[in-house]
Amino acid sequence: MHTISLKRILIYIVLLVTSFALLVGFTVNIVSQVAQYQESLHDQALSYSRIVAGNAASSLVFNDNANEKQRLSSLENTSFIQHVHVYKMDETSNELTFFSSYNKKGLPPIPARFAKLDKLTTPQTNDNYIEVSQPVVLDDEVIGYVYLRGSLEQARLFMWRSIGIASVVFVLTLLLCWLITLRLRKTIVTPLDSVVDVISQVARDKNYSLRLAPSKLVEFDMMAHAFNTMLDRVQQHISRQRRAEEEASQLNTELERQVTQRTQALKESNSELLKTLEQLHQYQGQLVESEKMASLGE
């Protein structure tokens with residue numbers, strides 16, 4: 001039958017439980033942090049779109065495309081914003097027309113998003129970017145729209161940074177847990193090794209006078225007390241058995257002595273009987289001789 005050490009089982013269990021708890025905790029924490037960070041990016045995109053919409057009102061009124069383009073160029077200092085479109089509402093047809101735009105350096109322009117503006121009043125997240133639209137309002141009248149697209153690169157970097165930090169903490173925690181487990185294993189296994197050693201000596205040498213030492217651990221102390229009680233009873237039973245064997249041996253010796261004495265007495269009695277018989281035979285012979293002599297004399 002395959003056996004495994006209690007020490008190894010203890011380490012495996014502690015590390016397994018710790019790993020599972022850490023994985024669940026770090027996963028929940030990372031997912032929650034990434035979701036919160038994306039939510040902050042949504043708020044950031046919405047704030048930028050409102051600022052751009054507020055600044056674009058004067059440019060749309062005065063049809064100052066150059067001024068708006070220059071204003072939008074200041075967004076180069078913001079790594080979050082990838083594209084910004086400013087659309088103007090045509091007064092006669094009430095249709096949107098392209099007015100001005102900003103494209104982050106290194107990114108190609110994107111098509112106009114006229115059809116999606118109504119759906120993007122709240123930020124929407126795609127695979128790689130965030131989209132949001134904001135109406136440009138002047139005297140409670142919509143005179144245009146601002147479309148803004150922000151990058152999710154920061155969210156991905158934040159996620160990978162969180163995963164990296166969590167991995168380092170995970171490894172360090174497992175290492176610390178392993179060291180603590182070694183210390184805990186020593187505290188638990190040392191009394192157990194003592195118990196195993198005493199039991200092995202009792203089984204090997206049949207020395208029932210050995211006793212387990214008291215332990216600071218309640219369970220081991222209870223086991224030591226129970227085992228010592230069992231050894232006391234075994235020792236008492238062995239002592240009673242030895243006394244009974246000694247008494248039986250003494251009784252047998254006494255019986256053998258009595259049998260020997262009686263046998264000797266019987267031998268002596270038989271010897272005396274034999275001597276008496278011989279004397280009787282002699283007396284009988286003498287009596288016969290006497291009778292013969294008497295007969296001859298007559």
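Student: Which residues touch the most other members of the largest nonpolar core?

Tutor: This is a predicted model, in which local features need pLDDT of at least 70, side-chain atom pairs count only at pLDDT 80 or more, and totals for chains, interfaces and linings use all residues. Residues are numbered from 1 along each chain as its sequence is written, and side-chain values use heavy atoms, with hydrogens and water left out. A nonpolar core is a set of buried Ala, Val, Leu, Ile, Met, Phe, Trp, Tyr and Cys residues joined through side-chain atoms within 4.5 Å, where buried means under 20% relative accessible area with a 1.4 Å probe, protein chains only. Among the 24 residues of the largest such core, those that touch the most other members are Val 84 and Val 86.

Student: Which element gives the most residues to this core?

Tutor: Helices (H or I, at least four residues) and strands (E, at least two) are DSSP runs, numbered from the N terminus. Two or more residues come from each of several elements, including strand 1 (81-89) and strand 5 (141-151). The most, eight residues, come from helix 1.

Student: In strand 5, what is the bridge partner of Leu 138?

Tutor: Two strands pair if DSSP finds at least two bridges between them, and strand 4 and strand 5 run antiparallel, joined by 10 bridges. They form a hairpin with two residues between them, and Asp 139 in the turn has a positive phi of about 55°. In strand 5, the partner of Leu 138 is Glu 141.

Notes. Buried means under 20% relative accessible area, exposed over 50%, partly exposed in between (1.4 Å probe, protein chains only).
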